[in-house]
Amino acid sequence: MSKKVKLAIVGVGNCASSLVQGIYYYRNKPQEEIRGLMHYDVGGYKPWDIEVVAAFDIDARKVGKDLSEAIFEKPNCTTVFEPNVPETGVKVQMGPIMDGFAEHMLEYPEDQRFVPADLEPVDVVKVLKESCAEVVVNYLPVGSEEATRFYA
């Protein structure tokens, strides 16, 4: 059993933002002050034992940025409870768009929808292998069946 759980995130939206914020939020709290977690310790692992080693998204406002910045970019709108997420060294990489973007969303204001980056997707398998990711969390939008199959 390694000391860190090496995690890759697919879809750097609100759920990813909350997860990453939580990793750093709980890191700075004494155990007796921990609230909001059902289990502080799972099999010997604590929240800060999660190390994000790769992240994928399709939004131009997130791709190419450090994960610590990308989690706060639009259209994300989750509560910010840990604004001091340090630079992670994990650059958000361009994933394949597939069915992860609905064309009808183009009618919405940019701060409420994805803005697809005009970039070629990276070789996801290569990135996962090089990052030594052990777990992949899928935070793709509901209905992204093709993209979910691809990442699986």
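Lys65 is partly exposed, with a relative accessible area of 26%. In this predicted model, the side chain of Lys65 takes part in a salt bridge with Glu73. The total number of salt bridges is 6, and three of these pairs, including Glu73 with Lys65, Asp49 with Lys3 and Arg113 with Glu110, are described below.

**Lys65 and Glu73**
- The N to O distance between the side chains of Glu73 and Lys65 is 2.6 Å.
- Lys65 has a relative accessible area of 26%, which means that this residue falls between the buried limit of 20% and the exposed limit of 50%.

**Asp49 and Lys3**
- A salt bridge joins Asp49 to Lys3, with 3.4 Å between the closest N and O atoms.
- Asp49 is located in the loop between helix H1 (14-27) and strand E2 (50-57), whereas Lys3 belongs to the segment before strand E1 (5-10), so the pair ties together parts that are 46 residues apart in sequence.
- Asp49 is buried, because its relative accessibility is 2% and the class requires a value under 20%.
- Lys3 is exposed, its relative accessible area being 57%.

**Arg113 and Glu110**
- Arg113 and Glu110 form a salt bridge in which the closest N and O atoms are 3.9 Å apart; this pair counts because the cut-off is within 4 Å.
- Arg113 counts as buried at 11% relative accessibility.
- Glu110, by contrast, is partly exposed, with a relative accessible area of 46%.

Conventions. Residues are numbered from 1 along each chain as its sequence is written. This is a predicted model: local features need pLDDT of at least 70, side-chain atom pairs count only at pLDDT 80 or more; totals for chains, interfaces and linings use all residues. Side-chain values use heavy atoms; hydrogens and water are left out. Helices (H or I, at least four residues) and strands (E, at least two) are DSSP runs, numbered from the N terminus. Buried means under 20% relative accessible area, exposed over 50%, partly exposed in between (1.4 Å probe, protein chains only).
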